[in-house]
Amino acid sequence: MKILGITGPTGAGKTTALNVLTSLGACILDADAVYHDLLEQSRALREALTGRFGDICDETGKIDRKKLGGVVFTDPAALTDLNGITHRFMEAELDRRLREAEQEGRPAAAIDAIALLESGFGAKCDATVAVVAPAELRVRRIMAREGIPEDYARKRVNAQKPESFFRESCDYVLENNEDDTPETFGARALALFLTILE
């Protein structure tokens with residue numbers, strides 16, 4: 001089973017690319033969804049987080065992400081600790097899900113993570129693919145997708161790593177251009193993935 005890492009800035013078209021991989025029988029592992037599942041279900045992760053950050057639970061005993069964010073986003077050392085703790089649990093869970101996909105006979109699995117390279121998850125992959133698109137196009141897409149104002153969409157785009165980071169760090173680059181439709185971009189994604197998976 002081939003393992004692909006899919007990354008790139010928000011609004012670039014990763015969902016379309018991942019849908020193409022799904023159509024090829026690949027298992028998609030969304031790192032954000034895995035993290036949220038662990039926050040909900042892993043008692044060991046909850047204990048590790050409360051052991052380091054104190055009272056960050058809501059009245060039901062679950063991690064309150066806003067409380068946790070309030071602690072870590074103003075303290076770089078706390079954020080480093082959070083990433084260290086969650087990375088351990090994420091890695092174990094991704095490995096478990098990858099083994100499961102292989103046992104199911106999947107031809108491929110894709111790890112979808114905006115911080116694929118920084119987290120070290122890219123090292124698990126046989127190939128990494130950056131999905132990129134012009135910043136203006138990404139701003140328009142985020143506004144349409146999430147119903148947010150332009151200035152907020154721009155802040156989101158500007159807060160992420162530049163396109164050059166993804167281009168230089170990945171094995172392949174999949175460009176989603178101004179004149180692409182979901183169909184033309186999907187066809188290009190299909191051609192690339194068939195090449196990688198052959």
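Analyst: Let's start with a term: a contact, or touch, means heavy atoms within 4.5 Å. This is a predicted model, where local features need pLDDT of at least 70 and side-chain atom pairs count only at pLDDT 80 or more, while totals for chains, interfaces and linings use all residues. Residues are numbered from 1 along each chain as its sequence is written, and side-chain values use heavy atoms, leaving out hydrogens and water.

Now the site. An unreviewed UniProt entry lists Gly 11, Ala 12, Gly 13, Lys 14, Thr 15 and Thr 16 under "binding site"; UniProt positions follow the numbering used here, feature names are shortened, and annotations may be inferred rather than shown by experiment.

Let's zoom in on two of them. Gly 11 sits in the loop between β1 (2-7) and α1 (14-23), and Ala 12 lies in that loop between β1 and α1 too. (Helices, H or I with at least four residues, and strands, E with at least two, are DSSP runs numbered from the N terminus.)

Gly 11 has a relative accessible area of 6%, so it counts as buried, and Ala 12 is buried as well, at 1%. Buried means under 20% relative accessible area, exposed over 50%, and partly exposed in between, using a 1.4 Å probe and protein chains only.

So who are the neighbours, leaving out residues up to four places away in sequence? Gly 11 touches Arg 138, Arg 141, Ile 142 and Arg 145.
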